[in-house]
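Hi,

Here is the structure I promised to pass on. Have a look at it first, and then read on for some notes on its aromatic rings.

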Amino acid sequence: PIPILLTLALNEVPFLRHKRLSQTPLYLPYFISWVVIGGILVNLLSPSWGVVNSVIKSLGGQPVFFLGSDRYFRGVSIISHIWKNTGWDTIIYLAAVTSISPELYEAATIDGASRLQRIRHITLPCVRSTIVILLLLNIGNLMNNGFEQIYILQNASNLMVSEVFETYTYRLGIVNGRFSFAITAGLFSSVVGFTLLMLANAGAKLVGEEGIF
């Protein structure tokens, strides 16, 4: 939902120049590798020299080892994933929004529709097909947690919460030489992802959408 909300907010910006200036910092993280982002996070969240912990200590608190804590690691990984990928999905949604006829908004404004009403009855219904397609694609990748991100942020202190299917497969199948295990695990992940995609696609057709096949 975050890219959708961000798209709706950007679409309501009245000045084109301001809209373009705000889009650039949103898109940029998507084109930065997880290696670079991981280094940024390590330096920002370091309990010794990190900016975040410097602020915490200046406010009288104790430094927190965010990347080594079972309590904070999930939040850090989720927020960093959203920060990196939201901009790309926003591009797709904005492209769908720009295809909406301005006459629909003009007619709704003349009829006295408020801004929220125009979003609810014009914008969201017109981009519903795009929302469904992206949802289906994401469901197909549900078994993929993002190996690069987790592997870079993973360490011995957070292993209890950071171990995911992909890193476990890599550690046992590739590092330990159990290649048959890695192949089997990869096949299992593909079958589960394909099954979820088929079920979600069938559900999309039931609600009147075309689906992806």
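To start with a question: does Phe 31 count as buried or exposed, and at what relative accessibility? Phe 31 counts as exposed, because its relative accessibility is 58%, and the cut-off for that class is over 50%. Please keep in mind that this is a predicted model.

Now to the rings in general. The structure holds nine aromatic pairs. One of them joins Tyr 30 and Phe 31 in an edge-to-face arrangement, with 5.4 Å centre to centre and 90° between the planes. Tyr 30 has 30% relative accessibility, so it counts as partly exposed. Together with Trp 88, Tyr 30 and Phe 31 form one aromatic cluster. Tyr 30 also has a charge over its ring: the charged end of Lys 84 sits there, 5.3 Å from the ring centre.

Another edge-to-face pair is made by Tyr 151 and Tyr 170, at 5.4 Å centre to centre and with 80° between the planes. Tyr 151 belongs to helix α9 (residues 147–153) and Tyr 170 to helix α11 (residues 165–175), so this pair ties together parts that are 19 residues apart in sequence.

Notes: Residues are numbered from 1 along each chain as its sequence is written. This is a predicted model: local features need pLDDT of at least 70, side-chain atom pairs count only at pLDDT 80 or more; totals for chains, interfaces and linings use all residues. Side-chain values use heavy atoms; hydrogens and water are left out. Rings of Phe, Tyr and Trp (its six-membered ring) pair if their centres lie within 6.5 Å; planes under 30 degrees apart count as stacked, over 60 as edge-to-face and the rest as tilted. Buried means under 20% relative accessible area, exposed over 50%, partly exposed in between (1.4 Å probe, protein chains only). Helices (H or I, at least four residues) and strands (E, at least two) are DSSP runs, numbered from the N terminus. A charge sits over a ring if NZ of Lys or CZ of Arg is within 6 Å of the ring centre and within 35 degrees of the ring normal.
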